[in-house]
Amino acid sequence: RNIIFPFHIKIQEVFYTLFAVQYHSGNHQNGHYTADVLNLRDDNVWYHCDDEWVSVLSEGPGSAFHRSDIPDAAKHEPRKKIVGNAHAYCLYYINLS
């Protein structure tokens, strides 16, 4: 099952950009966490982190959109959406202004 969440959000005239999605699989007593993280510092590439394994995602979190669709944060494109999967547990946003 897929869910849709915004790549950018605006709160009180401040724009925030999604830079990580944390996933949970399993149940409340036994589970596993992974994360998709956007490297904003060096290359604007999404990485999937699973314990000691880190891999480059050719698409964004949940493998939902192409790297070429990652907007320049300075453009503040609030209409961008991400189709992620239902295992998304926590979304992390950062103010880049």
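Predicted model: local features only at pLDDT ≥ 70, side-chain atom pairs only at ≥ 80, totals over all residues.

Trainee: What makes β2 and β3 a pair?

Mentor: Pairing takes at least two DSSP bridges between the strands. Strand β2, residues 8-11, is joined to β3 by 4 bridges. Therefore the two count as paired. They run antiparallel.

Trainee: What lies between the strands of that hairpin, and which residue there takes a positive phi?

Mentor: The hairpin of β2 and β3 has 2 residues between its strands. Gln-12 takes the positive phi, near 50°.

Trainee: Now His-24. Where is it found?

Mentor: His-24 is in strand β3, which spans residues 14-26.

Trainee: Why is His-24 called buried?

Mentor: Buried means under 20% relative accessible area. His-24 has 18% relative accessibility, so it counts as buried.

Trainee: Which residues does His-24 touch, leaving out those up to four places away in sequence?

Mentor: Gly-31, His-32, Tyr-33, His-87 and Tyr-89. A touch here requires heavy atoms within 4.5 Å.

Trainee: What makes up the largest nonpolar core?

Mentor: The core has 9 residues: Phe-5, Phe-7, Leu-18, Val-21, Tyr-23, Leu-38, Trp-46, Leu-57 and Ala-88. Core members must be buried, of a nonpolar type, and joined through side-chain atoms within 4.5 Å. Strand β3 gives the largest share of this core, 3 residues.

Trainee: Which residues form a nonpolar patch with Leu-96?

Mentor: Leu-40 and Ile-94. Patch members need over 30% relative accessible area. Together the three residues have about 200 Å² of accessible area.

Trainee: Step back to the chain. How many helices and strands are there?

Mentor: There are 0 helices and 8 strands. From the N terminus the order is β-β-β-β-β-β-β-β.

Trainee: What share of the chain counts as buried, and how much area is exposed?

Mentor: Of the 97 residues, 29% count as buried. The chain exposes about 6,500 Å², with 49% of it from carbon and sulfur atoms.

Trainee: What share of the contacts joins residues 24 or more positions apart?

Mentor: Such pairs account for 51% of the contacts with a separation of 6 or more.

Conventions:
Residues numbered from 1 in each chain as written. Heavy atoms only, no water. Buried < 20%, exposed > 50% of the residue type's maximum accessible area, 1.4 Å probe, protein only. Areas by Shrake-Rupley, 256 points an atom, 1.4 Å probe, with all protein chains shown as cover. Patch = residues over 30% accessible without salt bridge, like charges linked within 9 Å, V, L, I, M, F, W, Y side chains within 5 Å. Salt bridge = Lys/Arg side-chain N within 4 Å of Asp/Glu carboxyl O.
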